[in-house]
Amino acid sequence: MLAVLKSERLLFAALLAAVAGFVLEYPLLEMGQAASLAGAAALVGAIVLASMRVAHHAEVLAAKVGDPYGTMILTLSAVLVEVIILAIMMTGESSPTLVRDTIYSAVMLDINGILGLAALLGGLKHGEQPYNDDSARTYSVMILTAMGISMVVPEFVPAAKWHFYSAFTIGAMIMLYTLFLRMQVGVHSYFFSYSYPRAKGDGINVAEEPGEPVVPSVIILLVGVVLIGALAEIMSGLLTSGLKGSGAPPAVAAIVVAAISASPEIMTAMRAALANRMQAVVNIALGASLSTVILTVPVMEAIALYTGQPFIMAMSPVQTVMVTITLIVAAINLNDGQTNAIEGMTHFVLFATFVMLSAIGL
């Protein structure tokens, strides 16, 4: 028991931050923008700590069940964190484009940031790294379809008809993900796995302590998710207050949410790439992108229908161009069953472009 408590020191630190945030929230708001932003930054750090523990215990469960179930648990836990934070932030004074910008930022971070950096570092260390190209093609076409339906077509939907299309979008995302899950865990599960030479098993090597019991991991994972929700509620108020009138780019809040949810995946993907396990990287990066679009959209659209207040889901022209380029580059790069440093660099440059465009407010 003592060993378990010691291993969860990061979660306890996040819990202390939540208590401190609850006590100091209103004093910080009264002290002005600088204090609010400092408090929000501290809480973001606490959320990242809690997310790391959530990801670790998701990895413990992943190691028990192997691929493709393992990376599915990991990506779903990250998306759950993202949905919780978004839902809480949308209840306050938030931008009507927050959901759209967060999903866009998450896709840029997952495909161009995580996959790009992992392929670059892994390619520099190992040269060409093999993976199952069936998984990359399946993920790519699903991402393209889901983003097209939910974030491109809405540009042409009349404002008076938004609720009809929102209901259709919810149904379409559910149907797509239901079929995808049936493929991923059913007869086509081999699309998402790869037999590594010299590997000890078919699962991804994600858990640092594969002997950890499952039940405590499930309990701590649930506690971590609840704690993240509490931290996000306090952070949302401080961040909104701190950014108001500051002249910061509109997408800052969205990038913060996307980065929080992706932080555990980044470390897992880098470890997998350096261990020459590129299939795990593909499953994490593309799987997280798909899960973000196909799960976040129906939840947030359902909230919009419930409240009667629509979100702006149609991407801006710049966002549409960046997503199109990203998916075309991914389709070309991930078509031969091997990645290399050049392919990683192309995605990483696209990620740098995304950061630059966000910094100048586009």
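## Met322 and its surroundings

Met322 touches Tyr104, Met108, Leu350, Thr353, Phe354 and Leu357, leaving aside residues up to four places away in sequence; contact means heavy atoms within 4.5 Å. The residue is found in helix H11, where helices (H or I, at least four residues) and strands (E, at least two) are DSSP runs numbered from the N terminus. With 5% relative accessibility, Met322 counts as buried; buried means under 20% relative accessible area, exposed over 50%, and partly exposed in between (1.4 Å probe, protein chains only). The C-alpha atoms of Met322 and Leu357 are separated by 10.0 Å, and the two residues lie 35 residues apart along the chain.

This is a predicted model, in which local features need pLDDT of at least 70 and side-chain atom pairs count only at pLDDT 80 or more, while totals for chains, interfaces and linings use all residues. Residues are numbered from 1 along each chain as its sequence is written, and side-chain values use heavy atoms, with hydrogens and water left out.

## Helix H12

Helix H12 covers residues 341–359. Its 19 residues should span 27 Å at 1.5 Å a residue, and the end C-alpha atoms are 27 Å apart, which agrees; the expected span is 1.5 Å times one less than the number of residues.

The buried residues of H12 are Ala341, Glu343, Gly344, His347, Leu350, Phe351, Phe354, Leu357 and Ser358. They pack against helix H5 (98–126), H9, helix H11 (317–333) and strand E2 (338–339).

## Helices H9 and H10

The axes of H9 (residues 252–274) and H10 (residues 278–307) come within 7 Å and cross at roughly 155°; axes are lines fitted to C-alpha atoms over the stretch in contact, and angles run from 0 to 180 degrees between N-to-C directions. H9 and H10 are therefore roughly antiparallel to each other, a term for angles over 145 degrees. On the H9 side the contact is made by Glu265, Thr268, Ala269, Ala272 and Ala273, and on the H10 side by Met278, Ala280, Val281, Ile284 and Ala288.

Asn276 lies in the loop between H9 and H10. This residue has a positive phi of about 65° although it is not a glycine. At 23% relative accessibility, Asn276 counts as partly exposed.

## The chain as a whole

The protein chain contains 12 helices and 2 strands, in the order α-α-α-α-α-β-α-α-α-α-α-α-β-α along the sequence. Of its 362 residues, 51% are buried. Among contacts between residues at least 6 apart in sequence, 87% join residues at least 24 apart.

Key:
Angles under 35 degrees count as roughly parallel, over 145 as roughly antiparallel, 65 to 115 as roughly perpendicular and the rest as oblique.
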